[in-house]
Amino acid sequence: MADLYARDAAALSRMSHLRFFPQAVTGGEGCWLTSDDGRKLLDFSGSWGAVGLGHAHPAVREAVARALSSQAGASLLSSATLPAVELAERLLSIAPRRARGRVWLGHSGSDANETVARAVLAATGRTRIIAFEGGYHGGTVGSVAVSGHPVQDASARLPGLSLIPFPNPLRDGGPEAAAENSLARLRAVLDADGADVAAMFIEPIQSDGGMLVAPDGYFREVEALCRPHGVLLVCDEVKVGLARSGRLHCFEHLGVEPDIVVFGKALGGGLPLSAVVGPEAVMNHAAAFSFQTLHGNPACAAAGLAVLETIAREGLAERAAETGDYLAGQLRALRDRHPGVVEIRGHGLALGMELATGDDLTPATEQAALSVFRAHQLGLVLYYVGVNSNVLEFTPPLTLERSEVDLGVEILDRAMRDVAAGEITKADIAGFEGW
Ligand SMILES: *Cc1c(COP(=O)(O)O)cnc(C)c1O
């Protein structure tokens with residue numbers, strides 16, 4: 001199947017391609033993918049964090065096989081089904097107190113965030129939403145509407161959207177100045193329009209914006225500013241939630257209690273599944289308000305339940321904390337050999353490595369693109385994120401072993417050395433658009 005990549009190009013639309021190198025895979029297990037040329041690739045992306053338990057986890061395979069061996073229909077729209085009910089009950093049991101109302105099930109982070117954006121406006125009668133510059137909440141019209149990522153600048157935002165800066169200590173003069181700059185903007189929006197703001201969308205780590213970690217205490221200030229205005233705090237845990245950060249929920253690092261929590265990616269164990277958990281006043285404000293035919297289908301719901309059970313049973317949050325600390329340490333050691341590495345940041349197995357040059361920290365965009373390309377040639381899969389496309393993202397399966405950390409970091413080290421030596425050039429990455 002050595003021509004799989006070419007067949008993909010000839011048959012599949014570019015509209016959903018975000019390609020960094022000519023990757024074509026035919027299978028996978030644990031933290032490894034099988035390339036169509038027979039190579040084994042070590043997966044430090046986990047399909048952008050969607051494969052939290054690793055590829056082909058037995059618990060997910062068994063749950064899906066069971067759900068499909070006697071199929072209770074294909075939808076929760078017009079029928080209660082056991083997998084959807086059990087998944088919802090389980091999500092309520094792990095939700096923060098404020099959010100323990102009802103659960104909505106969807107296919108993706110995008111449809112979940114879109115549903116929240118529509119529901120908070122409809123349920124409160126308010127017209128405005130606050131979100132962050134650089135934030136990514138999805139790729140559908142209604143989720144782009146509340147996002148601030150520049151890759152989507154051509155798409156329409158919600159008319160009542162206010163974007164505030166996500167504090168970036170590295171680039172905004174240190175933690176205090178970064179936090180104060182952002183909070184001043186938030187205060188200004190709330191002073192002007194607070195009574196008309198329905199919700200504020202937050203990412204506990206701004207992942208696609210560059211794996212940014214806000215200074216300690218910043219989000220407590222955000223919550224304190226929002227509460228008096230009755231602004232609902234919506235926490236988008238889609239990429240960094242469900243044990244990835246070293247805690248079950250990434251917002252646990254922030255010291256805040258969201259009103260609404262959005263789950264996606266890893267929740268489905270590789271299948272399309274998302275969930276919103278929130279207060280009854282929002283989640284039950286209307287019937288037939290947001291649904292797609294296959295929402296809550298038994299196969300995906302069963303996979304979701306298996307994922308949540310496995311995270312608890314195998315202690316994956318603790319494991320992600322330990323492996324993540326080890327990986328962060330190994331990545332920091334690369335700074336000595338590669339002057340372009342300016343910061344390693346994140347929590348657990350949600351890590352970013354920012355590449356920049358010079359005293360003014362010019363984003364090393366090309367170096368990022370060349371490095372992930374070369375890494376793939378050498379057998380390691382990872383991509384880059386960031387509003388300047390210069391942050392390597394590490395979101396591997398939570399089951400990653402230390403020996404795999406060592407191997408992956410060794411490959412990355414060599415890839416960056418090869419890039420510095422000019423062994424990979426712009427011509428090699430022509431045709432790979434990334435973002
Ligand atoms: C990926 C992502 C989304 C969108 O999820 P899809 O499954 O791509 O629709 C939303 N929010 C965050 C934080 C994400 O990382």
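Which helices each supply at least two residues of the lining of the largest pocket? I had a predicted model on screen, and I found helix 2 (46-49) and helix 5 (109-124).

**Entry: the largest pocket**

I looked up the volume and noted about 850 Å³ for the largest pocket. Its lining has 37 residues, and those nearest the centre are Ser110, Tyr136, Gly139, Asp208 and Lys265. Helix 5 gives the largest share of this lining, with 3 residues. Next I sorted the lining by class and wrote down 16 polar, 14 nonpolar and 7 charged residues. I also checked the domains: domain 1 (4-56 + 315-429) and domain 2 (59-313) each contribute at least three residues to the lining of the largest pocket.

**Entry: the second largest pocket**

Here I noted a volume of about 710 Å³. This second largest pocket is lined by 29 residues, with Leu76, Val103, Trp104, Met283 and Asn284 closest to its centre. Which elements each supply at least two residues of its lining? My list reads helix 4, strand 4, helix 5 and helix 9 (280-283). Helix 4 gives the most to the lining of this second largest pocket, namely 5 residues. By class, I have 20 nonpolar, 7 polar and 2 charged residues in the lining of the second largest pocket. I was pleased to meet helix 5 again, as it supplies at least two residues to the lining of the largest pocket and at least two to that of the second largest pocket.

In what order do its 7 strands lie? I read 4-10-9-8-7-5-6, an open sheet with mixed pairing. Strand 4 (102-106) and strand 6 (161-164) are the edge strands, each pairing on one side only. On average, neighbouring strands of this sheet are turned by 20° against each other, direction ignored.

Strand 5 (residues 128-132) pairs with strand 6 over 4 bridges, in the parallel sense. For one of the residues there, Ile130, I found Ser162 in strand 6 as the bridge partner.

Last, I asked which strands helix 4 (residues 82-94) touches as it packs on the sheet. They are strand 4, strand 9 (260-263) and strand 10 (274-278). The direction of helix 4 makes about 125° with that of strand 4. So much for today's page: helix 4 packs on the sheet and also supplies 5 residues to the lining of the second largest pocket.

Methods:
Residues are numbered from 1 along each chain as its sequence is written. This is a predicted model: local features need pLDDT of at least 70, side-chain atom pairs count only at pLDDT 80 or more; totals for chains, interfaces and linings use all residues. Side-chain values use heavy atoms; hydrogens and water are left out. Two strands pair if DSSP finds at least two bridges between them. Axes are lines fitted to C-alpha atoms, for helices over the stretch in contact, and angles run from 0 to 180 degrees between N-to-C directions. Contact means heavy atoms within 4.5 Å. On a 1 Å grid over the protein atoms alone, a cavity is a set of points where a 1.4 Å probe fits but cannot get out, and a pocket is an open set with protein on both sides within 12 Å along at least five of seven lines; lining residues have an atom within 4 Å of a point. Grid points are joined across faces, edges and corners, and a volume is the space filled by probe spheres set on the points. Ala, Val, Leu, Ile, Met, Phe, Trp, Tyr, Cys and Pro count as nonpolar, Asp, Glu, Lys and Arg as charged, and the others, Gly among them, as polar. Domain bounds come from an automatic or database domain assignment.
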